[in-house]
Amino acid sequence: MLTSIGKFFRKLRIDEGEILKDMAEKLGVSVSFLSAVENGKKRMPSAWNKKICDIYHLTEEQRKAFTTSVAETEDAIEMSFIGQSLQNRELAVSFARKFSDINDMQAEAIRRILSGDADK
């Protein structure tokens with residue numbers, strides 16, 4: 001079954017005039033692995049979050065669609081703390097611990113902060 005992220009990748013490829021093989025080569029994976037990610041048989045590597053944005057120079061609209069697709073597809077998100085300060089590490093861990101307690105209003109406020117629209 002094609003996942004949300006699979007649909008995003010397929011649309012991106014079509015928009016770029018690419019086939020599955022082209023995207024797999026750019027991502028440094030086999031065609032079968034990329035196909036398995038699209039079809040929900042394998043998890044998308046977390047490194048692809050940045051890699052897709054960089055390789056394809058996603059527009060703001062595409063980035064939002066990509067983020068939504070990842071959110072709809074993933075049950076868990078993996079984070080790397082390499083190069084992060086202790087304060088940032090503590091912030092991430094605190095956020096993860098409190099995540100399930102965040103209400104819709106708080107989530108929207110956090111979204112505005114993260115998107116740079118905190119004044120709106």
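**Helix packing and core of a predicted model**

Arg 112 is partly exposed, at a relative accessible area of 28% (buried is under 20%, exposed over 50%, partly exposed in between; 1.4 Å probe, protein chains only). This is a predicted model, in which local features need pLDDT of at least 70, side-chain atom pairs count only at pLDDT 80 or more, and totals for chains, interfaces and linings use all residues. Residues are numbered from 1 along each chain as its sequence is written, and side-chain values use heavy atoms, without hydrogens and water.

**Nonpolar core**
- The largest nonpolar core has 17 residues, and Phe 9, Met 44, Trp 48, Ile 52, Leu 58 and Phe 66 have the most contacts inside it (a core is a set of buried Ala, Val, Leu, Ile, Met, Phe, Trp, Tyr and Cys residues joined through side-chain atoms within 4.5 Å).
- At least two residues of this core come from each of H1, H2, H3, H4 and helix H5 (60–73) (helices are DSSP runs of H or I, at least four residues, numbered from the N terminus).
- Beyond its neighbours within four places in sequence, Phe 9 is in contact with residues including Met 23, Leu 34, Val 37 and Trp 48 (contact means heavy atoms within 4.5 Å).

**Helix H3**
- Leu 34, Ala 36, Val 37 and Glu 38 are buried in helix H3 (residues 31–38).
- The buried residues of H3 pack against helix H1 (4–16), helix H2 (20–27) and helix H4 (48–56).

**Partly exposed positions**
- Arg 112 lies in helix H7 (residues 104–115).
- Asp 15, in helix H1, is partly exposed, with a relative accessible area of 48%.
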